[in-house]
Amino acid sequence: MSSLPLSETAPVVGDVFGRPLKSLRLSVTDRCNLRCKYCMPEEDYTWLPRETILSFEELATLTDLFTELGVDKVRLTGGEPLLRKDLPIFVRMLTRNRRIKDIALTTNGVLMADQAEALHYAGLHRVTVSLDTLRPDRFRALTRRDMHRQVLEGIDAVVRAGFQNLKLDTVAIKGFNDDELADLIEYGKHVSAEVRFIEYMDVGGATEWSMDKVLSRAEILDRLSRRYGPVEPVIEESSAPAQRFTLPDGTTFGIIASTTSPFCATCDRSRLTADGLWYLCLYAKDGIDLRAPLRAGVSRDDLIALIRAGWRQRKDRGAEERKALERFGLREARLIEIERLREDPHLEMHARGG
Ligand code: SAM
Ligand code: SF4
Ligand code: SF4
């Protein structure tokens with residue numbers, strides 16, 4: 001791993017709209033042990049070639065460079081990040097960089113029961129488990145795998161390992177789990193987790209997406225206030241995608257309204273794929289190749305200059321542009337044709353990380 005700078009804070013680089021480079025999502029693998037219909041509707045995919053996958057040392061070196069330009073939050077994702085062998089070793093490597101204030105993980109939870117303790121011990125700060133339903137039959141229908149029990153055991157293991165601030169992320173889909181919102185909140189209370197409802201997005205592999213399956217923030221709030229009484233917004237300064245709310249009994253939950261109310265204006269997130277392509281937006285069609293220069297031995301300063309220049313010219317507002325299509329009645333147009341997805345696996349949500 002490269003030598004660390006002395007200062008714990010770095011000057012932050014801004015993009016064309018002044019949005020800072022702060023949050024980096026590292027997709028550590030494009031593989032997954034589930035096949036959620038909204039993300040990986042096919043059974044088989046064109047996987048990133050093994051020899052192109054960055055080693056932990058390479059990932060940590062690139063992450064170091066990003067932290068010299070302002071990144072202080074790192075989220076490990078995928079694909080399913082727990083499929084990447086020895087992930088705790090990588091977490092430990094990241095903890096050595098004092099500029100990283102927050103190391104988080106998004107997982108489907110299936111393998112968490114075996115790994116929670118090691119990840120906590122390695123220094124992982126926070127865990128988000130995706131949980132769309134409490135019903136095993138629905139889980140099987142959505143993910144095409146019979147692993148609901150493992151997910152719930154994984155959540156228990158996260159709590160036992162001592163993680164604070166556990167979050168449960170639920171993609172809210174009309175006609176699938178829209179009758180489970182309150183049940184999920186109650187389950188969240190039971191395991192001391194905050195539930196966040198995500199509006200269904202038409203991104204990457206969401207080839208079955210249609211606007212009439214999107215349960216909007218307004219509809220989510222309406223359903224929850226009918227069940228619990230008045231729901232109040234939490235007033236806080238945050239660049240986090242979730243807007244938080246409080247129920248009358250003090251329980252908080254979040255809504256990520258990426259589809260009906262995109263938050264591109266404050267977006268400080270970018271994504272590095274497991275093979276070292278850097279995407280400036282979830283919807284970006286092209287990424288900046290950092291693997292080739294890294295493996296060619298390009299100097300640290302030149303790599304930093306490449307990242308700085310990339311961010312400075314960033315104009316992406318993918319979800320806002322996607323929403324603007326509604327005005328022209330084009331919303332139903334498939335974002336990326338399936339043939340293109342097959343040709344370039346980087347376009348998939350599971351390759352660039354959610
Ligand atoms: N496999 C891990 C998991 O499921 O948590 C991490 C990667 S997954 C791509 C990250 C997040 O993206 C998950 O919470 C998943 O529910 C969400 N996601 C995937 N496809 C989505 C879609 N079409 N709309 C909204 N969220 C989506
Ligand atoms: Fe589901 Fe996550 Fe796997 Fe996508 S990457 S299929 S959301 S578990
Ligand atoms: Fe950020 Fe792109 Fe998502 Fe907008 S669509 S919030 S710019 S990643």
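**Around ligand 1**

In this predicted model, an oxygen atom of ligand 1 sits 3.3 Å from a backbone N or O atom of threonine 107. The protein covers 94% of the 550 Å² of accessible area that ligand 1 has on its own. Two elements each give two or more residues to the shell around ligand 1: strand E3, spanning 102-107, and strand E6, spanning 194-199.

The shell itself counts 18 residues, and Tyr38, Gly79, Thr107, Ser130 and Met201 come closest to the ligand. By type, the shell splits into eight nonpolar, eight polar and two charged residues. Two of those closest residues also turn up in polar pairings of their own. For serine 130, a polar side-chain atom lies 2.6 Å from an oxygen atom of ligand 1. Tyrosine 38 takes part through its backbone instead, with a polar atom there 3.1 Å from a nitrogen atom of the ligand.

Next come a couple of loop residues with backbone angles worth a look. Asparagine 165 has a phi near 60 degrees, a positive value in a residue other than glycine. Asparagine 165 belongs to the loop that runs between helix H5 (148-161) and strand E5 (167-172). With 53% relative accessibility, asparagine 165 counts as exposed, because the cut-off for that label is over 50%.

Serine 192 also has a positive phi, near 55 degrees, and is likewise a residue other than glycine. Its place is the loop between helix H6 (181-190) and E6, and E6 is one of the strands that give two or more residues to the ligand shell. Serine 192 is exposed too, with a relative accessible area of 63%.

Technical notes:
Residues are numbered from 1 along each chain as its sequence is written. Chains are lettered from A and ligands numbered from 1 in the order in which they are written. This is a predicted model: local features need pLDDT of at least 70, side-chain atom pairs count only at pLDDT 80 or more; totals for chains, interfaces and linings use all residues. Side-chain values use heavy atoms; hydrogens and water are left out. A residue is near a molecule or strand if one of its heavy atoms lies within 4 Å of it. A polar contact is a pair of N or O atoms within 3.5 Å; within protein, one must be able to donate a hydrogen and the other to accept it, and residues adjacent in sequence count only if both atoms are side-chain atoms. Accessible areas come from the Shrake-Rupley method with a 1.4 Å probe; for residues, only the protein chains shown count as cover. Helices (H or I, at least four residues) and strands (E, at least two) are DSSP runs, numbered from the N terminus. Ala, Val, Leu, Ile, Met, Phe, Trp, Tyr, Cys and Pro count as nonpolar, Asp, Glu, Lys and Arg as charged, and the others, Gly among them, as polar. Buried means under 20% relative accessible area, exposed over 50%, partly exposed in between (1.4 Å probe, protein chains only).
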